[in-house]
Amino acid sequence: MNILDTLGTLARESGFAAFFLTDGGWKNLIMILLSFVLLYLGIAKKFEPLLLCGIAFGCLLTNLSYFVGQGENALYHPELWEAFLDETGPYYHSYGHIMSNAGLLDFFYIGVKAGIYPSLIFLGVGAMTDFGPLLANPKSLLLGAAAQMGVFVAFFGAVLLGFTGPEAASIGIIGGADAPTAIFLTTKLAPQLLGPIAIAAYSYMALIPLIQPPIMKFMTTEPMRKVKMEQAREVSKKEKIVFPIVVATFVILLLPSTAPLVGCLMLGNLFRECGVTDRLSDTAQNALMNIVTIFLATSVGATMVAQSFLNWSTIKIILLGLAAFAVSTVGGLLGGRVMYRVSGGKINPLIGSAGVSAVPMAARVSQDVGRKYNKNNYLLMHAMGPNVAGVIGSAIAAGFLLSVFGG
């Protein structure tokens, strides 16, 4: 074989040639370009970089290795997970089959499918969250509940667009603005939609400073936005310790399917508040949170295989997710307006927009919009009440949907 034949063989067998010589290769090329765009948004624009960078690189790896190196060189095998979900097949829910044939990203994805990563993320979130503002103003729970309106509006919209009940439930939970919850529910009900739902959930969380302010201005009047709220009462240490225990007990008894998320959220918060587990609280907030974020992001990105991602369903999910998020913001603001009227104008309705579960970004947006109309307005701590209530609310909404469609 001469040098020209050798070079020709190398060219034909290279991954570059495979994109153009194999059916469907152009789809993988599009997904690789999309991963570059996501990396740009994460690094240059700082849109949820801790997660978006990992998701983008997972997308890059899965579309490079699955297409070019199917078989022993592939990092992620969607066909294995299709067999895992096939109730009529011999490998239904067989982790042994996955592990015996898995690539690196398949192993990572086991933590997503088993619900481990989202629960551990909630453990870290609980350790980082101060529920004091919610305890100081328990009425904030109502705003967190009102901000779940988009979940159910998007659910019915998805049903009308032809999605099944479990798929519609997974799409609707995007409106809770809590991506780990969306991932947890989707892996249980509609794992084939995990890629687009995760991208939609994290993208809209990152775009809160762009999406919410126009809705906030439309839904409130200038006098409402100028309302200065009184300083909340100081919450005792005992209240903060008892709170996670009571919430975990009540919510899990009410909706047992919420146990993984609510249980870990409240355990993390107990570590934070009890005063005798500082090392555990620090680990949950930092080292554990960072490690799990790496595994979660890259494994979610791995599900963005071109053959399952590039379709009309993805476009519908992106649009429904935006609608869900917008309606949830509207729901929180409507609740804020009701409280404004009932309180005689003492509650600024802008804090209602923080009822979505993006902690603490949504609360900061409420603060920033309020300060534009009243420089002496400090809404951050008041907005943190409905903001952390939204975390609990989105977990409860997910538990309700799981109990309805998970059977």
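Predicted model: local features only at pLDDT ≥ 70, side-chain atom pairs only at ≥ 80, totals over all residues.

**Stop one: the cysteines.** Start by selecting Cys 59 and showing its side chain. How many disulfides does the count come to? The count comes to zero disulfides. Cys 59 is in no disulfide, and the nearest cysteine sulfur, the one in Cys 53, sits 13 Å away. Is Cys 59 buried or exposed? Cys 59 has 0% relative accessibility, so it counts as buried.

Now jump to Cys 274. Draw a distance from its sulfur to that of Cys 264, the closest cysteine sulfur: the gap is 16 Å, too far for a bond. The cut-off for a disulfide is 2.5 Å between the sulfur atoms.

**Stop two: a nonpolar patch.** Keep the surface on and select Phe 152, Phe 156, Phe 400 and Val 404, which make a nonpolar surface patch of about 370 Å². Colour helices α11 (149-160) and α24 (380-405) next, as these are the elements giving two or more residues to the patch. Then pick out Phe 400, which lies in helix α24. Phe 400 is partly exposed, with a relative accessible area of 39%.

**Stop three: Ser 281.** Hide the surface and go to helix α19 (residues 278-285), where Ser 281 is found. Ser 281 has a relative accessible area of 5%, so it is buried. What is Ser 281 in contact with, leaving aside neighbours within four places in sequence? Show Ala 127, Phe 271 and Arg 272: those are the contacts of Ser 281 once such neighbours are set aside.

Notes. Residues numbered from 1 in each chain as written. Heavy atoms only, no water. Buried < 20%, exposed > 50% of the residue type's maximum accessible area, 1.4 Å probe, protein only. Patch = residues over 30% accessible without salt bridge, like charges linked within 9 Å, V, L, I, M, F, W, Y side chains within 5 Å. Areas by Shrake-Rupley, 256 points an atom, 1.4 Å probe, with all protein chains shown as cover. Salt bridge = Lys/Arg side-chain N within 4 Å of Asp/Glu carboxyl O. Helix = DSSP H or I, 4+ residues; strand = E, 2+ residues; numbered from the N terminus. Contact = heavy atoms within 4.5 Å.
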